[in-house]
Amino acid sequence: MKIKLTIAALFATVVASAQISTMKDKVAKENFEFANQQLRHAFVEIDAAHKAKNTTPEKFPTPRNVEPDGSLRMMYPSDWCSGFFAGVLWYMYEETQDNFWKQEAQKYTDYLKSEQYNTNTHDLGFMMYCSFGNGLRLAEIPGYKDILIQSSRSLITRYNPKTGLIRSWDPFNGWKYPVIIDNMMNLEMLFWATKATGDSTFYNIAVSHADKTLANHFRDDYSSYHVVDYDVDGDGQPRMKQTHQGYADDSAWARGQAWGLYGFTMCYRETGDKKYLDLAENIAKFILTNKNLPKDLIPYWDYDAPNIPNEPRDVSAAAVTASALYELSTMSKNKGSYYKKMADKITENISKYYRAPLKGARGFITTCSTGHWPNKSEINTSINYADYYYIEALVRRERLAEHKPVVPPVKF
C-alpha cells in the first residue's frame with residue numbers, strides 16, 4: 001500500500017509540475033484578455049478621430065495620448081512615439097497567435113516605412129525597433145530586415161567621434177550637442193544591426209555611447225541627469241548637465257531613471273560587460289529604495305518633485321522599470337528573486353489601480369502617466385509608451401513563468 005501511495009503521489013507531482021510549466025501567468029493572462037477587448041475598441045476610437053479631424057491613417061497613424069479635453073491625439077510617422085502602438089499589436093499577436101493582430105500590426109508598422117531614412121531624430125530605435133523589430137522577430141515579414149538596417153544607418157549619422165556619442169537633439173536652448181538619458185533605449189537596434197550585417201561599426205558606436213553615458217550622466221547616488229550637453233567645437237567633454245522634462249537640473253526625473261535601468265540592462269545582455277550590469281543594479285537600488293517611492297512602486301513624475309505626495313504619478317516610468325527588472329532578474333547573482341518580486345508588484349498594481357476602464361480612455365490600456373510636466377503636456381493621462389512597456393513587462397512576466405528566455409532574439 002505504501003508503495004502504491006508513493007507511486008500515486010509521484011504521478012500526481014509530475015502531472016502538477018507539467019500543468020504548472022504550461023500554465024500561463026494569471027496576471028498576464030487576465031490583462032491580455034482585457035487588452036484583447038480594449039485594443040479592438042481603440043480601432044473604433046482611431047477611426048472616429050480621423051473622421052472628426054478629416055485626417056488619414058497614412059498621415060496620422062499613431063494614437064499617442066488622451067488630451068485634456070478627452071480627445072484622442074493622433075500623431076504623424078516621424079513622431080518619436082510612432083512605433084509603440086504597432087509594437088503593442090505585435091505583442092498581442094505573440095500572445096494570441098491570432099492573425100487578426102498580425103494583420104493590424106503589419107498595417108500600423110508599414111505606415112512608418114518612410115522613417116528608415118529619417119536622420120533628424122535619435123529616436124529611431126523607439127520608432128522602428130519596437131515596430132519593425134517585433135515584426136521581424138514574430139513574422140519574418142519580407143523587407144523588414146532591410147528597413148531596420150537602413151534605420152540603423154540613419155541613426156548613426158548623428159554620431160560624432162569627438163564626443164563619442166549620438167546627438168539626441170539638434171542645437172537649441174543654448175545646447176550645442178545635447179545627449180539625453182532616453183537615448184540609451186535606441187542602442188538595441190544598433191547591436192542588432194551588427195549581427196544582421198557583420199559590420200561592427202554599429203556595435204562600436206553603441207558601446208561608445210553607453211560608455212560615455214555611464215561616465216557622464218550619473219551622480220554619486222546613481223541617479224541620472226536628463227541632459228548632458230557636450231562641447232563638440234572644443235574638447236568634446238561635457239559643458240552642462242541639466243534637465244528638460246524633470247523638476248530641476250539636479251533632480252531625478254522618474255522616467256529618466258527607468259530609461260537608464262532598461263538601457264544598461266540591455267547593454268549587459270548585448271556585450272557581457274559587467275560594468276553595465278553593476279550600473280543597472282545600482283540604478284535599480286536608487287529607484288527601489290528611494291524615500292519618495294510610493295508603496296505601490298508607481299513613482300511620482302520626479303523623485304524630487306516639490307509637492308510630494310501631491311504630485312502626478314508616472315505609470316510609464318513604472319512600466320519601463322518593471323520590464324527592465326524582469327530581464328535584470330535573470331542576470332543578477334544575488335538579487336534575481338527580489339527584482340522579479342518588485343516587477344511583479346509593479347505589474348499587479350498597474351493592473352489593479354492604473355488600468356483604463358473597458359472601452360474608456362479612448363482605447364488605451366493604462367492611465368496616469370506624465371509626459372512633460374515642465375511643458376504642461378500629457379499630465380496624468382494615458383500615453384502609448386506606457387502601454388507598450390506595460391504589455392512588454394507582462395510578456396516578460398509570462399515568459400519567465402513558462403521558463404522561456406525573457407527576451408527572445410530578433411532574427412538577423
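Start with the open sheet of three strands, whose order is β5-β6-β7 and whose pairing is antiparallel. Strands here are DSSP runs of E, at least two residues long, and helices are runs of H or I, at least four residues long, both numbered from the N terminus. Two strands count as paired if DSSP finds at least two bridges between them. Select β5 (178-180) and β7 (238-242): these are the edge strands, and each pairs on one side only. From one strand to the next, the twist averages 25°.

A note on the model before going on. The structure is predicted, so local features need pLDDT of at least 70 and side-chain atom pairs count only at pLDDT 80 or more, while totals for chains, interfaces and linings use all residues. Residues are numbered from 1 along each chain as its sequence is written, and side-chain values use heavy atoms, with hydrogens and water left out.

Next, select β6 (residues 227-230) together with β7. The two strands pair in the antiparallel sense over four bridges. Which residue is the bridge partner of Asp229 in β7? The partner is Met240.

Axes are lines fitted to C-alpha atoms, for helices over the stretch in contact, and angles run from 0 to 180 degrees between N-to-C directions. Contact means heavy atoms within 4.5 Å.

Move to β1 (residues 62-66) and β2 (residues 72-75). They pair in the antiparallel sense over four bridges, and Asn65 has Arg73 in β2 as its bridge partner. β1 and β2 form a hairpin with five residues between them. Select Gly70 in the turn, which has a positive phi of about 90°.

Stay in this part of the chain and select Glu58, in the loop between α2 and β1. Leaving out residues up to four places away in sequence, Glu58 touches Pro77 and Tyr111. For a distance check, select Gly164 as well: Glu58 and Gly164 are 106 residues apart in sequence, and their C-alpha atoms are 36 Å apart in space.

The rest of the tour concerns salt bridges, in which a side-chain nitrogen of Lys or Arg is within 4 Å of a carboxyl oxygen of Asp or Glu. A search of the whole structure finds 30 of them.

Select Asp98 and Arg40. Their side chains meet in a salt bridge of 3.7 Å, N to O. The pair links distant parts of the chain, 58 residues apart: Asp98 is in the loop between α3 (84-96) and α4 (99-110), and Arg40 is in helix α2 (residues 26-53). Buried means under 20% relative accessible area, exposed means over 50%, and partly exposed is in between, using a 1.4 Å probe and protein chains only.

Then go to Glu104 and Lys107 in helix α4, three residues apart and so separated by about one helical turn. They form a salt bridge, with the closest N and O atoms 3.2 Å apart. Glu104 is buried at 15%, whereas Lys107 is partly exposed at 35%.

Last, select Arg269 and Glu270, whose side chains meet in a salt bridge of 3.1 Å, N to O. Arg269 is partly exposed at 26%, and Glu270 is buried at 17%.
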